[in-house]
Amino acid sequence: MQKKAISVKELYATPIEELEKLESVTVQGWIRTNRNSGNVGFIHLHDGTCFKNIQVVYTADSPFFEEVSKYPFGAAVRFDGKVVATPTLQQPFEIQSTSAELLGGVDSDYPLQKKKTSFEFLREEAYLRPRTNTFDAVFRVRSVLAMAVHQFFQDRGFVYVHTPEITGNDAEGAGSVFTITTDSKDNPYTDFYGRRASLTVSGQLHVEAFAMAFKDVYTFGPTFRAEKSNTTRHASEFWMIEPELAFADLDDDMECIEACIKYCIEYILTHCPDEMDFFNKWIDKGVIEKLKKVLASDFRKMEYTEGIEILKKAVAGGHKFQNNNIYWGMDLQSEHERYITEEFVGGPVFLYNYPKEIKAFYMRENDDGKTVAAVDLLVPGEGEIVGGSQREERYDILKTKMDALGNTEGLEWYLNLRKYGGCIHSGFGIGFDRLLMYITGINNIRDTEPYPRTANALKY
Ligand code: 4AD
Ligand code: MG
């Protein structure tokens, strides 16, 4: 049996006096750098258990000096050695090696380089990029962020519901669904389920039914949209967190969104300090300060109507949008959302009470007859990261709307929720990848997903 290695994470978590008492430790990982001056060599070893590396030292008087000098960048290696405190150096300790073993060498066609490479290049090498500093940090924070989401909702007593990925409804009614079919020669729309089936664009409708049983619920999983929009914020497969709260109105909804976003930020700042320092230094200077400011502030609330007034004033004042035609009733584009959150508010803002024509059928109509109780959370740098609403709980109003849209058939069960013990309820959807972008300062969604899916890009 091979000797049990100690992880780099464990090494950093153990007091140095304890480590120095050990006769020998075994470490294994991958070489990030290997340099030597002829009589002493230094390896920065990364084992993936934390963001930090450790330094392994090898000296010319050891029998393996020549061999280790040739260990290439990226190689998998194992060392035995003694931990020695290095109080005068940058790292608190190093390992003075007593034996070395090459576990996996690296062919000369290895695409990664020691030097900094572009994100575009690394996207093409998606299977290798988790080995780089940036993606080591991104994907660990992604993992911890998922934990933060669960912790937040579980602490509040929400029940986690696994809504289906395969569905017969287009929840958002936006028509951007991926149809599911087999290779059968039958009608591809009905070959398997006997009716048209698609990948889900949102678990909301299914999770609403569970809110009518458990009160507070959430679903959190992949969602799919066949949107060809080639932007830095759209992917055709992305993860969404969709909570649904019974006996809750739009104000309760906003309270929950704000608490959740703040909890997630706080959780990442606390649990991923090394990764956040890295982002702060190399990816988005000032991101930590930005997040701390968000934690300390109350999110601004603004009606859509006021948002339109602000945009009109901006245009009148000479601001140039790509679309300068601002009118009440328009669907806001990212540039408009960003103006409001970046230029006008300078922080996160809830925009609410949107014109009913531009929002989904299930949103509750306000008394003015023109708007619905919808809310989007807009943040600087990105625009919308959360979309939610109070749901239409009145059977007749909802049915009339659905009949007019022609989507009642197959969704009778959804309407029935309004007949069988219905109540006011609200919910929202957080784009998980967009939240990750916001927290890390990474500005392209393709660099927050392990294997991003966008139109005409499916290499892996
Ligand atoms: O605003 P959306 O479309 O809302 C819904 O799907 C509702 N059913 C949510 C609910 O009330 N339960 O999407 C919610 C969020 C957006 O704010 C955005 O952050 C993200 O999902 N999103 C996307 N993220 C990446 N790529 C895409 N193509 C996205 N489309 C939406
Ligand atoms: Mg939306």
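**Notes on the barrel and salt bridges**

1. V40 stands opposite T59 in β3, in a predicted model. Here β2 (residues 40-46) and β3 are antiparallel partners over six bridges; strands pair if DSSP finds at least two bridges between them, and strands are DSSP E runs of at least two residues, helices H or I runs of at least four, numbered from the N terminus.

2. β2 and β3 belong to a closed five-stranded barrel, ordered β1-β2-β3-β5-β4, with mixed pairing. β3 (residues 54-59) has five of its six residues buried, so the rest of the structure largely encloses it; buried means under 20% relative accessible area, exposed over 50%, partly exposed in between (1.4 Å probe, protein chains only). β3 runs parallel to β5 (residues 93-104), joined by two bridges, and V57 sits opposite Q96.

3. Now the charges: there are 21 salt bridges, meaning a Lys or Arg side-chain nitrogen within 4 Å of an Asp or Glu carboxyl oxygen. D447 and R123 make one at 2.9 Å, N to O. D447 lies after α14 (432-440) and R123 in α4 (residues 119-124), so the pair links parts 324 residues apart in sequence. D447 is buried at 0%, while R123 is partly exposed at 21%.

4. D433 and R142 also form a salt bridge, with closest N and O atoms 2.8 Å apart; both residues are buried.

5. On conventions: residues are numbered from 1 along each chain as written, and chains are lettered from A and ligands numbered from 1 in written order. Local features need pLDDT of at least 70, side-chain atom pairs count only at pLDDT 80 or more, and totals for chains, interfaces and linings use all residues, while side-chain values use heavy atoms, leaving out hydrogens and water.
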